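Colleague: Could you take a close look at one part of this model, the lining of its pocket? After that, please go on to the side-chain pairs elsewhere.

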Amino acid sequence: MKISYNWLKDYVKTDLSPEDAGKLLTGCGLEVESIEKIETVKGGLVGMVVGEVKTKEKHPDADRLNLTTVDIGTGELLNIVCGASNVEAGQKVIIATIGAKLYPSTGEPFEIKKSKIRGAASEGMICAEDEIGLGTSHAGIMVLDADAKIGMPAKEYFKIEEDYLLEIGLTPNRADAASHVGVARDLVAVLNSNNKSEEENSDINLMLPDVSNFQTENRSSEIEVIVEDHEACPRYSGVTIKNIKVTDSPDWLKNRLKVIGVRPINNVVDITNYVLHELGQPLHAFDAAKIKGNKVIVKKLADKSKFTTLDGTERELSSEDLMICNAEGGMCIAGVFGGIESGVNENTTSIFLESAYFNSTSIRRTSKRHSLKTDASFRYERGTDPNITVFALQRAAMLIREIAGGEIASSVIDIYPKKIENFKVPFSFEKCDNLIGKHIDLEIIKKIIISLGIEIEHEGHDALLLSVPPYKVDVQREQDVIEEVLRIYGYNNIEIPTELNSSLSFAEKPDKEKIQNTIADLLSNNGFSEMMCLSLTKEDYSTRLKSLNPEQNVKMMNPLSSDLDVLRQTLLFSGLETIAYNQNRKNADLKLYEFGKTYMAIKGESTKYIETKHLSVFVTGRKQPESWNAKNENVSFYTLKGIVNSILERLGVDVKMNETSSDVYSQGLTYNWNKKTIVEFGSVSRPVLKSMDIKQEVFYADINWDLIVEAVKKNKQTMYSEVPKFPEVKRDLALLIDKAVKFEQLEQLAYQAEKALLKSVNLFDVYQGDKLPAGKKSYALSFILQDENATLTDKQIEKIMEKLMKTYQEKVGAEIR
C-alpha cells in the first residue's frame with residue numbers, strides 16, 4: 001500500500017523525518033518496505049534557473065540557430081546557442097545550466113554539457129516545456145512573466161513540491177490501516193505512548209477532515225433507494241449533487257493521487273479516489289441522468305445475466321453477485337467495478353454519490369469470480385468501517401462542491417436497518433502483563449487503547465470493559481487487544497529476561513529436526529542453497545508426467561489464481577521454476593535443495609489424503625565458478641550421485657541400487673530400502689526441461705524424507721571394526737544384456753556366485769543406443785574383492801571373475817564385452 005508522507009501529515013502534527021516515521025510504523029506492525037523521494041516534476045528541475053535573454057543575433061553558419069547571451073544573476077552572461085524560432089531579447093526564460101539533468105516528457109533523460117555548436121560555444125540551454133517535463137508542447141521555448149526574478153531556481157518559480165512515498169506491506173488483517181487516516185491513527189498512538197510529558201493536552205490528536213459545514217442547498221433531486229439484500233449490503237448511503245462541471249482536477253489533487261500511483265481522470269472521479277485513500281471508504285459516483293426510473297436498487301440479478309463493465313468487457317453475472325441497479329438494469333457490480341453506461345464523463349451535470357458498507361465475503365467471492373481486483377474491492381474484502389459511510393459521503397460532497405461547483409440537491413439517504421454494534425471486550429491488566437512478559441504502566445496502556453479509537457466503557461481496579469469499533473475487524477478478544485497494546489508500546493521495548501525457565505520433556509528419538517539440520521548443514525557446506533517454495537502450484541504440471549495423476553490433485557476451493565490452484569504432487573516443478581527464473585537472469589550455475597511436502601488425494605468411497613515429506617536436490621551448470629585456475633567443467637550425473645551417497649552415508653542408511661523407469665529422467669537410478677524406493681535421481685528428461693523453457697541439463701534427486709527418518713530410527717548401533725590389514729582389489733566387467741534385466745538381479749547373482757570374498761558391486765555406467773542390437777543395453781559393473789586374512793593372488797581373482805562371468809552368461813544371457 002502506498003502512503004504519501006505529506007498527505008499523512010495532514011492528520012498528525014509531527015516534524016519527524018520520513019525515515020524516522022517509517023521506523024515507528026514498522027515497529028508497530030505496519031512494515032515500511034521502502035521510502036522513495038517523489039517530486040511533482042521528475043528531477044525537481046535541479047540546475048535550472050530563471051534567466052533573461054540580453055542579446056540575440058543569427059548564427060553565422062546556421063540559418064535556424066541564434067546566438068544569445070543570457071543573464072542568470074551570477075554577474076557573468078552565458079553564451080547559449082538556441083534553435084527556437086520564438087526567442088527574443090528581453091524575454092524571461094528557463095535556463096538549464098551545465099551539469100543539469102533534464103527529464104523530457106518523451107524520450108530519455110540527458111545532461112547539459114558545455115559544447116560547441118557549428119563552432120559557437122554554448123554554456124547551457126534555453127528550455128521548452130516538454131524538454132523539462134512540464135508539458136508536451138515543443139512549439140518554442142517557455143517565455144515567463146516579465147516580473148520573474150532573474151536567478152530564481154526554477155523549482156521555486158514553478159512551486160515544485162517534494163514528497164516521500166512510503167510503501168507499506170499491509171497484512172490482510174489490518175483493514176483499519178488501509179488509508180492515510182488509518183496509518184496516521186497508528187502513528188499518533190505510537191507517538192503518544194512514547195510521550196513522557198505529564199503536562200495536560202501534551203498528547204498528539206488525530207486530525208480528521210471537518211464536515212461540520214455540510215448542508216443541503218435544496219431537495220429538488222431526490223432519488224429513491226431500495227435495498228433488497230440487507231445481508232450483502234447492511235448499510236447504504238447516498239446523496240445527489242447537481243449543476244456540477246466535470247473537468248480536470250486542480251494540481252494539488254492530481255499531485256496527491258500521482259504520488260501514490262493513482263492516475264487522475266476528472267475532478268469527480270479523482271475526489272472519490274482521494275476520499276478512498278484518505279479514509280479507506282470506497283465511493284462511487286453515478287451520472288444521475290442515467291439512473292433510469294430515478295431509482296437505485298441494491299439487489300442480485302438472475303444467473304448468467306450479461307453486464308458490461310467500465311473496461312468494455314461483457315461479463316456473465318452469477319446470481320450471487322450483488323449489483324447496484326436502476327429501474328431497468330444493472331449499473332455497477334457492488335463494491336468491485338462500475339458499469340460502462342452509468343459512469344461520469346465530461347457531459348455529466350448531476351451525480352448520485354454512493355457510500356456503502358458491503359458484506360466482505362460477498363465482495364471477495366464476486367471479485368475472485370470475475371478476476372477483478374480494484375482499490376474498492378481490496379478494502380471491502382478485508383472489511384471497511386460501517387460507521388463512516390455518511391462521514392465519507394459528506395467529505396466527498398463538500399470537496400465536489402468546492403472543486404466542481406454545483407449544489408447538494410438531496411438529503412443524505414442512509415439505509416441502516418440493523419446497526420453493527422461495537423465488540424465488547426473485557427481486559428485484564430494482570431493477563432496483559434503475563435502475556436507480554438513485562439509490567440506496563442496502566443496509564444500508558446489506557447493511553448494506547450484510547451489512541452487506537454477503542455472506548456473504555458467501564459474501569460475497575462484491575463480490569464477494563466472495552467468497546468472496540470467494528471473497523472478493527474481483527475480485534476474481538478482480550479488477547480487481540482493485548483497484541484494491539486504490545487505493538488504500539490513496541491516489541492523492542494520488551495527486555496530479554498536474564499532468567500530462563502525450562503522443564504524436562506520427553507523427545508522422540510531420533511530427533512527429526514536434528515536429522516534435517518544435519519543434512520541441511522552438509523548440503524550448505526558443499527555449496528548448495530536452500531529453497532523455500534510454495535506448496536501451491538498449477539494443475540497443468542500434473543499432466544506433464546505419466547507418473548503423476550491429475551485425478552489425485554488436492555484442489556483449492558478458493559484458489560488465489562490459476563497458477564496456484566492445487567497442492568503439489570512433486571517437488572520437481574518448484575525446483576525447475578527456480579532454475580528457470582535464475583537462468584533467465586544469467587545465473588545458470590546452481591546447486592539447490594528443498595525440504596518440502598507433497599500431497600495426494602486418493603479417491604474412493606471416501607477421499608484419503610496422503611502428505612509426504614521429501615528432500616529435493618538439483619544441480620546444473622558448472623561445477624565451479626569461472627576462474628583462470630579452475631577447469632570449465634559442468635556438473636554430471638556422478639556429481640549428484642556423490643551428493644546422494646554422502647547424505648545416505650552420513651545418516652548410515654544402507655540401500656539397494658536399481659535402474660529407474662520414471663519418465664522424470666532420461667537416465668537415472670533408484671535406491672531401495674526395505675523394498676521401498678527411498679531415493680530416485682538422474683538427469684531430468686528433455687521434454688520436461690523444454691516445457692519449463694530450460695535449455696541446459698539439470699540433475700535432480702527426489703529423496704523420500706519420511707522413509708529416511710524411518711530408516712535412521714531402525715539403524716543398528718554403530719560398531720567399531722578394525723581397518724583390514726590386507727588390500728582390497730577392484731575389477732570391472734562390461735556386459736551386453738537384455739533391457740529387461742535390472743541391476744538388482746545382477747547384484748544378487750554376484751553375491752550368490754561368490755559369498756566369501758565379494759564385498760560390494762557397483763553399477764558405474766549404462767549405455768543404450770543405436771550402436772547396440774535392438775532390445776539390448778550395456779552395463780559396466782565394478783566388483784570389490786577382499787580377503788581379511790591374506791592378500792588375494794591373481795589366481796584367486798581370476799577364478800572369481802570367471803565364476804561371475806559364467807553365472808551372468810548362464811542366468812541372464814549376458815555377453816561379456
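Modeller: Helices and strands here are DSSP runs, a helix having at least four residues and a strand at least two, and they are numbered from the N terminus. The model is a predicted one. On that numbering, helix 6 gives the largest share of the lining of the largest pocket, 4 residues. Helix 6 spans 267-279, and at least two lining residues each also come from strand 15 (283-287), strand 20 (330-333), strand 21 (337-338) and helix 8 (375-382). The pocket has a volume of about 740 Å³. Its lining comprises 29 residues, and those nearest the centre are V269, N273, H284, L310 and F337. By class, 17 lining residues are nonpolar, 8 are polar and 4 are charged.

Turning to the charged pairs, side chains of opposite charge can pair when their charged atoms come close. The model has 44 salt bridges. One of them joins K472 to D176, with 3.1 Å between the closest N and O atoms. These partners are 296 residues apart: K472 sits in the loop between strand 27 (463-468) and helix 12 (478-489), and D176 in the loop between strand 12 (162-169) and helix 4 (180-194). K472 and D176 are both buried.

K777 and E659 form another salt bridge, at 2.8 Å between the closest N and O atoms. It links strand 40 (residues 776-785), where K777 lies, to strand 34 (residues 656-659), where E659 lies, across 118 residues. K777 has a relative accessible area of 1% and therefore counts as buried, the limit being under 20%. E659, at 15%, is buried as well.

In a further salt bridge, D738 meets K776 at 2.7 Å, N to O. Because D738 belongs to strand 38 (residues 729-738) and K776 to strand 40, this pair ties together parts 38 residues apart in sequence. D738 is partly exposed, with a relative accessible area of 33%, and K776 is also partly exposed, at 22%. Elsewhere, salt bridges with shared partners connect R174, D176, D186, K472, E484 and R487 in one network.

S683 lies in strand 36 (residues 676-684), and its relative accessible area of 2% makes it buried. Its side chain makes a polar contact of 2.9 Å with the side chain of E697. Beyond its neighbours within four places in sequence, S683 is in contact with V664, Y665, S666, Q667, E697, V698 and F699.

Notes. Residues numbered from 1 in each chain as written. Predicted model: local features only at pLDDT ≥ 70, side-chain atom pairs only at ≥ 80, totals over all residues. Heavy atoms only, no water. 1 Å grid on protein atoms, 1.4 Å probe; cavity = no way out; pocket = protein on both sides within 12 Å on 5 of 7 lines; lining within 4 Å. Points joined across faces, edges and corners; volume = space filled by probe spheres on them. Nonpolar A, V, L, I, M, F, W, Y, C, P; charged D, E, K, R; others polar. Buried < 20%, exposed > 50% of the residue type's maximum accessible area, 1.4 Å probe, protein only. Polar contact = N/O pair within 3.5 Å; in protein donor to acceptor, adjacent residues only side chain to side chain. Contact = heavy atoms within 4.5 Å. Salt bridge = Lys/Arg side-chain N within 4 Å of Asp/Glu carboxyl O.
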